[in-house]
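Please read the following account with the sequence and the coordinates open side by side.

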Amino acid sequence: MTTNLVGEGISLSMMPERGGKITSLVDVERRREWLEQASRPLVGPIEDGGSFDEGDMCGWDEMMPTIAPCNDPVSGVSLADHGDLWRKPWDVTAQDRHSVSTRVVGNVLAFCFERTLTLGVRTLHLDYRVKNQGAGGLALLWATHPLFSVAAATRVVLGEAADVRELHETGESTPATWPEGGVSVVGALARGQGKKFFARAARGDASASLVDADGGSLTMSWRAPEVPWLGVWLDNCSLSRGPVAAIEPTNASDDSLDVAERAGQSWSLAPGSELHWSIAVSVSGSVTPA
């Protein structure tokens with residue numbers, strides 16, 4: 001069953017049974033749907049063993065305990081493609097017209113993941129909590145994974161970044177630059193091409209924006225001490241049906257938990273301990289004429 005939330009000038013739809021996927025995020029005043037839409041009706045949950053990239057690339061998902069499939073660096077168990085959360089039904093623990101809270105537990109690692117979505121005045125607040133419910137320590141990688149629909153002239157603009165790197169299919173990471181005015185997915189990539197970047201915030205307040213040709217925008221902001229890295233996936237019909245940009249705040253500069261652990265970037269939770277963090281999303285700009 002789809003959960004619908006309304007705020008002032010913003011609306012949201014979410015499917016708890018489909019891995020908590022946010023299926024719609026609309027700037028009501030501009031009549032702008034920011035999330036890539038599904039090509040067919042969505043059902044859930046997803047069967048174990050399925051590949052994320054083989055699914056209907058749309059909406060906003062959460063990734064934990066890894067993005068790339070790998071072995072858990074603590075226990076050695078195999079971790080699934082894009083983690084556990086997107087393939088499991090989530091429980092709704094609280095809900096009203098403007099807010100919904102959900103929880104889900106890991107498949108193979110003993111963690112409980114909670115997320116609260118709250119709509120305000122053209123804003124979405126996402127508050128997160130993860131707790132180690134096991135008897136041993138945990139290493140975790142988290143990334144939020146919204147696939148934003150972009151037009152030819154839409155630019156991806158990063159806040160001040162101290163380090164930008166491109167992650168290649170070989171796993172190699174090389175230094176990259178990001179123009180101050182931003183990058184257009186269609187302008188920067190040939191059709192059928194996709195690229196992944198990571199950026200580290202230079203300041204305590206981190207942000208990234210999508211800016212349309214008419215000046216309308218969506219901005220994600222967060223605290224770098226809580227979430228130090230940003231993943232950016234640009235896709236001009238490589239895996240997606242249309243051009244998309246994924247702005248992915250994360251705790252690591254790689255998609256694999258085992259690589260993040262070796263780099264000292266994974267989140268380490270002792271038994272019974274927990275972490276809290278948050279993201280804010282705001283929409284603004286000109287109003288589409290009637």
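How many bridges join E19 to E20? Seven bridges join these two strands, which run antiparallel; two strands are said to pair if DSSP finds at least two bridges between them, and helices (H or I, at least four residues) and strands (E, at least two) are DSSP runs numbered from the N terminus. The model is a predicted one, in which local features need pLDDT of at least 70 and side-chain atom pairs count only at pLDDT 80 or more, whereas totals for chains, interfaces and linings use all residues. Residues are numbered from 1 along each chain as its sequence is written, and side-chain values use heavy atoms, with hydrogens and water left out.

Within this pair, Leu-210 stands opposite Leu-218 in E20. The two strands form a hairpin with five residues between them, and in its turn Gly-215 has a positive phi of about 95 degrees. Strand E20 (residues 217-223) is mostly covered, since five of its seven residues are buried; here buried means under 20% relative accessible area, exposed means over 50%, and partly exposed lies in between (1.4 Å probe, protein chains only). E20 also pairs in the antiparallel sense with strand E24 (residues 274-284), over six bridges, and there Trp-222 stands opposite Ile-279 in E24.

Elsewhere in the order, strand E10 (residues 111-119) and strand E11 (residues 123-132) pair in the antiparallel sense over nine bridges, with Phe-113 opposite Val-130 in E11.

Another hairpin is formed by E1 and E2, with three residues between them, and Gly-9 in its turn has a positive phi of about 80 degrees. Strand E1 (residues 3-6) and strand E2 (residues 10-15) pair in the antiparallel sense over four bridges, and Ser-13 in E2 is the bridge partner of Asn-4. In a regular strand the side chains alternate between the two faces of the sheet. Strand E1 has a covered face made of Thr-3 and Leu-5, and an uncovered one made of Asn-4 and Val-6.

Taken over the protein chain, the secondary structure comes to two helices and 24 strands. The radius of gyration is 18 Å, close to the 19 Å that the globule rule gives for 290 residues, so the chain is as compact as a globular protein of that length; this radius is taken over C-alpha atoms, and the rule is 2.2 Å times the number of residues to the power 0.38. Along its principal axes the C-alpha trace spans about 60 × 45 × 35 Å, and 51% of the 290 residues count as buried. Of the contacts (heavy atoms within 4.5 Å) with a separation of 6 or more, 65% are accounted for by residues 24 or more positions apart.

What space does the largest cavity hold? About 70 Å³ of space lies in the largest cavity, where a cavity is a set of points, on a 1 Å grid over the protein atoms alone, at which a 1.4 Å probe fits but cannot get out, and where lining residues have an atom within 4 Å of a point. The lining includes Trp-222, together with Leu-158, Glu-160, Arg-200 and Pro-228 among others. Strand E18 (193-201) and strand E19 (205-211) each supply at least two residues of this lining, and the largest share, three residues, comes from E18.

Two loop residues complete the tour. Gly-44 is found in the loop between strand E4 (32-33) and strand E5 (60-63), and at 31% relative accessibility it counts as partly exposed. Leaving aside neighbours within four places in sequence, Gly-44 is in contact with Glu-17 and Arg-18. Val-108 is found in the loop between strand E9 (99-105) and E10, and Val-108 is partly exposed, with a relative accessible area of 47%. Val-108 and Asp-84 are 24 residues apart in sequence and 8.3 Å apart in space, C-alpha to C-alpha.

Terms used:
On a 1 Å grid over the protein atoms alone, a cavity is a set of points where a 1.4 Å probe fits but cannot get out, and a pocket is an open set with protein on both sides within 12 Å along at least five of seven lines; lining residues have an atom within 4 Å of a point. Grid points are joined across faces, edges and corners, and a volume is the space filled by probe spheres set on the points.
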